[in-house]
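The points may be read alongside the sequence and coordinates shown here.

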Amino acid sequence: MFLVYVVEKFKYRGEVSSIGGRYLYFSVFEKKCREDLFDRDDELQAVLNALDRGDRFIVIKGVRRIGKSSLLNVALSESKLPYIKVDGRRLYSEFGYITRDVFYRVLESELNRLVGFRKSLLRYLGSVKGISVLGSGVVFEPSKREPYVFEILDQLNEWAGRIGEKLILAFDEAHYFRFSVIRLQELIASSLDRHEYLYFILTGSEVGLFEEFLGFKDYESPLYGRYRVEIYLDRFTLEVSRRFLIEGFSQYNLNVSEEFIDKIIEVFDGLVGWLSYFGYWYATQGSIVKDLDIVFKKFLEEASGVVLNEISHLLKYSPRYRFILKAIARGYTRWSEIYRFLLLNGVKIGRPRYNVLLKKLLDYSYIKKKDDSYIMADPVIKYVAENKL
Ligand SMILES: Nc1ncnc2c1ncn2[C@@H]1O[C@H](COP(=O)(O)OP(=O)(O)OP(=O)(O)O)[C@@H](O)[C@H]1O
Ligand SMILES: [Mg+2]
């Protein structure tokens, strides 16, 4: 049993709160305030309503660069509730694995941030073995005794209950915890059973992997069949993309032609991350180039660096991914066409293995399937696959 909000239709509502530099839609960082977040009213409301109703498990899904972290940040800030936020991808990037030490370090710093404005929490945390109170903060002392995460959760729940507040534990890119000694799914499952004041919000891209990690449909998963509110972030529609670009450029006092806006919409396919990155790049350096084709070429070259770095990990697993992506980017969309492309390029691969790799690319959200066709899910990755792999 669960609620699914699939919000596909975005309607433009309202004005930009401030024009002239204060709120910038084209900033390349995750958004944190409501004023910075364009549209997404329905999704934001869905998160806030769930928290209000007492739904303690919220999942935000969507492909890369679609605005999950931004929505999460804004929801946390709009909810006005105390929270702890952990970014799975950042933790993972340190060692290619989420060690207990790395997790403790982030948790300690998040708890101290919280203690900074909720002093009453200090006493509760101080009672956890392996955590000491030092001055006005806490220190984890694993050399004395490793603090158990569930003991920390017990205390957080107790504290939240005492002050009568909901406490949010947010895990951005939670599925990176599949590479960890911390068994996040088990922790969440037992906390949902025991801790009525703790609320969980998880985000995840690479949608297939995230779903596998959550295991809602897997009998053996601790989260099997759990009640949750799922919020799916979709691409901006043409109309929302258009508004976003027009308002974003106007914040930079840039007049751009309709033809230019149309072209940007066509190239970036509603992915807000690329729309804002492109907008920022154009407003700050691209606008000196007058030839539109060259503008896009220059940007795609620049953005390729970001993507190449991301997919280098994938290519390390199997160099054959390279040929599959190349084939799809070049317009071979059918299962058999792509397979033939591989064979013609000297890639020795049997059908079962080929199927596994295709599925992985779908799980990682590098490609998507429409009817019987495979297509690239991200325009910049498409450019890279076509020109750089
Ligand atoms: N609704 C929005 N309005 C304005 N800018 C946005 C919006 N959503 C996202 N952005 C911008 O798009 C970029 C990507 O957003 P964000 O990092 O939140 O996405 P994400 O889905 O978490 O990406 P990733 O999968 O890489 O973690 C950021 O530069 C952010 O500022
Ligand atoms: Mg993110």
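In which loop is Y219 found?

1. Y219 is found in the loop between α8 (207-214) and β8 (229-232); helices (H or I, at least four residues) and strands (E, at least two) are DSSP runs, numbered from the N terminus. Y219 is exposed, with a relative accessible area of 69%; buried means under 20% relative accessible area, exposed over 50%, and partly exposed in between (1.4 Å probe, protein chains only). The C-alpha atoms of Y219 and S109 are separated by 35 Å, and the two residues stand 110 residues apart along the chain.

2. On conventions, this is a predicted model, in which local features need pLDDT of at least 70 and side-chain atom pairs count only at pLDDT 80 or more, whereas totals for chains, interfaces and linings use all residues. Residues are numbered from 1 along each chain as its sequence is written, chains are lettered from A and ligands numbered from 1 in the order in which they are written, and side-chain values use heavy atoms, with hydrogens and water left out.

3. The largest pocket holds about 1300 Å³ of space. Its lining comprises 48 residues, and the closest to the centre are R64, R65, R89, E173 and E310. A pocket is an open set of points on a 1 Å grid over the protein atoms alone, with protein on both sides within 12 Å along at least five of seven lines; a cavity is a set of points where a 1.4 Å probe fits but cannot get out; lining residues have an atom within 4 Å of a point. Grid points are joined across faces, edges and corners, and a volume is the space filled by probe spheres set on the points.

4. At least two residues of the lining of the largest pocket come from each of α2 (68-79), α3 (88-95), α11 (272-284) and α12 (292-317). Of the elements, α12 gives the most to this lining, with seven residues. By class, the lining of the largest pocket has 23 nonpolar, eleven polar and 14 charged residues; Ala, Val, Leu, Ile, Met, Phe, Trp, Tyr, Cys and Pro count as nonpolar, Asp, Glu, Lys and Arg as charged, and the others, Gly among them, as polar. Domain 1 (40-232) and domain 2 (311-389) each contribute at least three residues to the lining of the largest pocket, the domain bounds coming from an automatic or database domain assignment.

5. The second largest pocket has a volume of about 260 Å³. It is lined by 15 residues, with E30, K32, N73, Y83 and K85 nearest its centre. Two or more lining residues come from each of α2, β3 (83-87) and α4 (100-117), and β3 gives the most, with four residues. The lining of the second largest pocket divides into five nonpolar, three polar and seven charged residues.

6. The structure holds one cavity of 30 Å³ or more. About 140 Å³ of space lies in the largest cavity. Its lining numbers 15 residues, of which F103, L107, L153, L169 and F171 lie nearest the centre. The elements giving two or more residues to this lining are β3, α4, α6 (149-163), β6 (167-172) and α7 (184-194); the largest share, four residues, comes from α6. By class, the lining of the largest cavity has 15 nonpolar, no polar and no charged residues.

7. There are 37 aromatic pairs in the structure. F236 and F244 form an edge-to-face pair, because their ring centres are 5.7 Å apart and their planes stand at 70°. Rings of Phe, Tyr and Trp (its six-membered ring) pair if their centres lie within 6.5 Å; planes under 30 degrees apart count as stacked, over 60 as edge-to-face and the rest as tilted. F236 is buried at 5% relative accessible area, and F244 is buried at 2%.

8. The charged end of R228 sits over the ring of F216, 3.6 Å from its centre. R178 lies over the face of Y176, at 6.0 Å from the ring centre. The criterion is that NZ of Lys or CZ of Arg is within 6 Å of the ring centre and within 35 degrees of the ring normal.

9. Most residues other than glycine have a negative phi. Phi of D39 is near 55°, a positive value; D39 is found in the loop between β1 (3-6) and α1 (41-53) and is buried, with a relative accessible area of 9%. Phi of D371 is near 50°, also a positive value. D371 is found in the loop between β9 (367-370) and β10 (373-376), and counts as exposed at 69% relative accessibility.
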